[in-house]
Structure formats: C-alpha cells, structure tokens
Amino acid sequence: MKIGEKIKKLRKNLGLSQEELATRAGLTKGFISQLERDLTSPSIASLELILDALGTDMADFFKDSYISERLIKEGDYLKKSCDDFIEIHPLDDINKSSLDIFLLKIKPTKNGKNLKVLNGEEFIYVIKGRVNIKLENKVYELEEGDGFYSKCNKNRKIINEGEDVAEVIIALGLA
C-alpha cells in the first residue's frame, strides 16, 4: 500500500475530513489531498506531523499488517456483568486477532471506570448517550456518533455523567 493510501485509510477510520487532518497537522488541505492521491511525497517532518495528528508514529505506520474480514453476529457474543458495565465479549476464536472489540453499556455514575493501562491503542465510538473520557488531566466530551482514539499506555477513565445508560464500542489493539 502506498503512503497516501494508508494515510487516507487512517484518516477515514478516525472519521476526519482532509481539512480536519490538515488543521491538526498544521498543513494545508491541498497538501493532504495531493498526498492521499500519491501526487506528492511528504518530507519526514510533514509525515511526522500527519502521523501525530492521526495518533500514530513512524514505527507503527510502517509495520506490515495483515487484514482479514470477519462478520460477527449478535449470537456470537457472550455477556458478562460487572459493577459499571454490561460487557459483551467476542468468542475465544476472535481473540486470536490483534483487535478486540467490546460493546459497553455504561451505567450513569459520577466516578466512572478506570481503563487498564496497556501497551496498545484503542478507539471508542459512542452509539448512544454521552460519555467523558478522562485522559490523565484532560477531559474529552463525546456524544452519539463521536469517536476517540488514544494509546492505552496512559491513565484513562470513561464516565457516564448522564441519566441513562450509554452505549459505546471499544476497539482495542494490543501490541
């Protein structure tokens, strides 16, 4: 896969427009557009700015990855309860993948739930309700349809301060 294609794929996976990526990276939309169509090549400095805006780094970006498809039906999941969540875990054969996906139903609370510090990355997508993600000392407010990407190597907390159960999907890729 060419650099431009890979950047475009990462950008779209995060739900960013070319303009949003350009703004985050401090570059122009025209440059991002040309780069994604492989009409230009980025300097090392520009590529680092873009990858940082996409929440990744050079090492992860240039790793070879194997992509496989899998359709998962509702009946393929096992349910397990815990204090703040009703978690839906994939069956064991799916866990052989480098990506784990969870549907969390989060009860309203002021305290929230600490997420484990791990070596990897995660993407959180809000299906229903509103949640706050506290990443060390910064709080990100997410509403239905919002997504959030971060590395898992920092202290993080997910909080539903609303009145109803919130539903989020967490895609967790461990290194």
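Me: Is Ser150 buried or exposed?
Reply: Start with the terms: buried means under 20% relative accessible area, exposed means over 50%, and partly exposed lies in between, using a 1.4 Å probe and protein chains only. Ser150 is buried, because its relative accessible area is 6%. Before going on, note that this is a predicted model, in which local features need pLDDT of at least 70 and side-chain atom pairs count only at pLDDT 80 or more, while totals for chains, interfaces and linings use all residues. Residues are numbered from 1 along each chain as its sequence is written, and side-chain values use heavy atoms, with hydrogens and water left out.

Me: Where does Ser150 sit, and which residues is it in contact with, leaving aside its neighbours within four places in sequence?
Reply: Contact means heavy atoms within 4.5 Å. Helices (H or I, at least four residues) and strands (E, at least two) are DSSP runs, numbered from the N terminus. Ser150 lies in strand S8. Leaving aside neighbours within four places in sequence, Ser150 touches Glu121, Glu122, Leu135 and Arg156.

Me: How many helices and strands does the protein chain have?
Reply: The protein chain has five helices and 10 strands. Of its 175 residues, 33% count as buried. Among contacts between residues at least 6 apart in sequence, 61% join residues at least 24 apart.

Me: How do I read the order of strands in a sheet?
Reply: Look for pairs: two strands pair if DSSP finds at least two bridges between them. Here an open sheet of four strands has the order S4-S9-S6-S7, and the pairing is antiparallel. Its edge strands are S4 (113–115) and S7 (138–142), each of which pairs on one side only. From one strand to the next, the twist averages 25 degrees; angles run from 0 to 180 degrees between N-to-C directions, and axes are lines fitted to C-alpha atoms, for helices over the stretch in contact.

Me: Which residues have the most contacts inside the largest nonpolar core?
Reply: A nonpolar core is a set of buried Ala, Val, Leu, Ile, Met, Phe, Trp, Tyr and Cys residues joined through side-chain atoms within 4.5 Å. The largest one has 17 residues, and Val131, Ile133, Ile158 and Val168 have the most contacts inside it. At least two residues of this core come from each of S3 (99–106), S5 (120–128), S6 and S10 (166–174). S10 gives the largest share, four residues. Another core, of 14 residues, lies apart from it and includes Phe31, Leu35, Ile50 and Leu54.

Me: Which residues of H1 (residues 3–13) are buried?
Reply: Gly4, Ile7 and Arg11 are buried in H1. The buried residues of H1 pack against H2 (18–25), H3, H4 and H5 (58–61). Lys12 and Asn13 are exposed, on the face of H1 turned away from its buried side.

Me: Which residue with a positive phi follows H1?
Reply: Gly15 follows H1, and its phi is near 75 degrees. Asp38 has a positive phi of about 55 degrees although it is not a glycine. Asp38 is in the loop between H3 (29–36) and H4 (44–53), and it counts as partly exposed at 30% relative accessibility. Glu136, in the loop between S6 and S7, is not a glycine either, and has a positive phi of about 55 degrees. Glu136 is partly exposed, with a relative accessible area of 44%.

Me: How far apart are Asp146 and Gly15 in sequence and in space?
Reply: They are 131 residues apart in sequence and 8.7 Å apart in space, C-alpha to C-alpha. Asp146 is in the loop between S7 and S8 (147–151), and is partly exposed at 28% relative accessibility.
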